[in-house]
Every structure is written in C-alpha cells, then in structure tokens.
Amino acid sequence: MGKNIVVVNAGPRKGWNTDTLLDEAAAGAQEAGATIQKFNLFKLEKYTGCISCFGCKKEKFAGHCIRRDGLTPVLDAIRESDGLIIGSPNYLSELTASFRALYERLIFQSLTYNLERPSCNERSIPVLLVMTSNAPEGMYNGLLQGYQQALSRFVGPTQVFVSGNTLQLKDYSKTDWEWTMLDPAAKQLRHDTVFPQERRAIHELGASMFA
C-alpha cells in the first residue's frame, strides 16, 4: 500500500513558482505509489498562529493542538501522514505569515520542555521544505537551517529545496513602477533554462523521499 503524503502550499499564487515545485514533488511521490492530500493555506477558513494557551501541554492532549480553526484539518492530516511536503515563497527575508502560523502550531504541539524527552512526537515522518525567492539561492541559508533543525527534531528528517532568482511576473514592463533593481531578461532566461531543471530535480526528490 502506498504512502499518504500531505502537501501544503503556504504561498498565495496558484500555478506559480512555489505551487509548481510542490506539484512536481507530489507528482514524483505519486509515481512512487504515494497518495497525495494537498492544502492551500490561503484558501482555508480563518486561522491563527499559536495563541500560547498551553492546552497541548496537558497529558491527554500531548502532541495535539487543541485550537479548532482552519488549520485543524491540516494538522490532523499531517499527524496521520507518512510524509510532508511544504513550501513557501520568501517574503521580506522570511517565509510567509501563513507558513509561520502552521509552523508554530505544528512544532509547539510536540514540544515538552523536558530535557530527557524534548518531543512527544513518537511518529517521525520525512519532510521536504521548499522555498522560492526573488533573491539568489544561498541568501537565506541561516533561516532555512533553523527551520530544518526544528522540523527534523519535532516532525521528522527534513530536506530543503531552494529555487532563487525566480520570475515574479509574466511581463515586468506592465508594472506602474520601474523595477530597476531587477533584470527582467535575465530572470526570464533563468525561468526558461534553470527552472525546468529544478522541476525535474524536485520531481525525482519527491519520488526518492516518499517511495
């Protein structure tokens, strides 16, 4: 029986860089026999990040965020899954607020504050963290290392995939401002030549990680 993989898009733009790479990774996992369940955080009912109620620190709720809102079915699905593929664009040197909301509640529900047993999550699953960015690859290594370490510790072994210097618009000339910091021709060239290679690479990674 194939694995059940949860895919979470923490970006708002359907069919663009983050969404495309997530779908490629999911397609690779499907080819390896996995079943995919996808969530788009920007389409969910209203939700928040962690509200520090500490309900998950009660023994009967250990490992379960007790807040009920739009993120509840996502957290429940991840808890029962065999793997997680999650992606976000980089906004102002961070991942999106939607990603952070899920991340806070996903991690904190398993944190015990116990030195001998820091995590109450006894079911480790592989995680693929995808980030896309207008900035070049490698600019946010420290940021991603922090997320990778936390996800590895409280969810499961995590790999990171980054696509940088991404194409943001189909036609930069139609903006009201002159974006002189950017080179639209170079971005288009990268999108046409490098991005297809990244799509193939993450497709293969999805197949190998979630087979």
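**View 1. Phe-54, Phe-108 and Tyr-113 make up one aromatic cluster.** Rings of Phe, Tyr and Trp (its six-membered ring) pair up here if their centres lie within 6.5 Å, with planes under 30 degrees apart called stacked, over 60 edge-to-face and the rest tilted. This is a predicted model, in which local features need pLDDT of at least 70 and side-chain atom pairs count only at pLDDT 80 or more, while totals for chains, interfaces and linings use all residues. Residue numbers run from 1 along each chain as its sequence is written, and side-chain values use heavy atoms, with hydrogens and water left out. By the ring rule, the count comes to six aromatic pairs.

**View 2. Phe-99 and Tyr-147 pair edge-to-face.** The ring centres sit 5.2 Å apart, with 85° between the planes. Phe-99 belongs to helix 3 and Tyr-147 to helix 4, so this pair links parts of the chain 48 residues apart; helices (H or I, at least four residues) and strands (E, at least two) are DSSP runs, numbered from the N terminus. Both Phe-99 and Tyr-147 are buried, where buried means under 20% relative accessible area, exposed over 50% and partly exposed in between (1.4 Å probe, protein chains only). Another edge-to-face pair is Phe-108 with Tyr-113, at 6.2 Å centre to centre and 70° between the planes. Phe-108 has a relative accessible area of 15%, so it counts as buried, whereas Tyr-113, at 58%, is exposed.

**View 3. Helix 3 (residues 97-108) crosses helix 4 (residues 141-154).** Two packed helices are described by the angle between their axes and the distance between the axes. Here the axes come within 10 Å and cross at roughly 35°; they are lines fitted to C-alpha atoms, for helices over the stretch in contact, and angles run from 0 to 180 degrees between N-to-C directions. Phe-99, Arg-100, Tyr-103, Leu-106 and Ile-107 of helix 3 meet Gly-146, Tyr-147, Ala-150, Leu-151 and Phe-154 of helix 4, with contact meaning heavy atoms within 4.5 Å. Those residues split into eight nonpolar, one polar and one charged (Ala, Val, Leu, Ile, Met, Phe, Trp, Tyr, Cys and Pro count as nonpolar, Asp, Glu, Lys and Arg as charged, and the others, Gly among them, as polar).

**View 4. Helix 1 packs against helix 5 at an angle of about 35°.** Their axes are 6 Å apart. Residues of helix 1 in this contact include Leu-21, Ala-25 and Gly-28, and those of helix 5 include Phe-195, Ile-202 and Gly-206. The contact's residues divide into seven nonpolar, six polar and four charged.

**View 5. Helix 1 (residues 17-31) is largely enclosed by the rest of the structure, because eleven of its 15 residues are buried.** Among the buried ones are Asn-17, Leu-22, Ala-26 and Ala-29. The cover over the buried residues includes strand 1 (4-9), strand 2 (35-40), strand 3 (83-91) and helix 5 (184-209). Just after helix 1, Gly-33 takes a positive phi of about 105°.

**View 6. Trp-16 sits in the loop between strand 1 and helix 1.** Setting aside neighbours within four places in sequence, Trp-16 is in contact with Leu-167, Gln-168, Leu-169 and Lys-170. Trp-16 and Leu-169 are 153 residues apart in sequence, and 9.4 Å apart in space from C-alpha to C-alpha.
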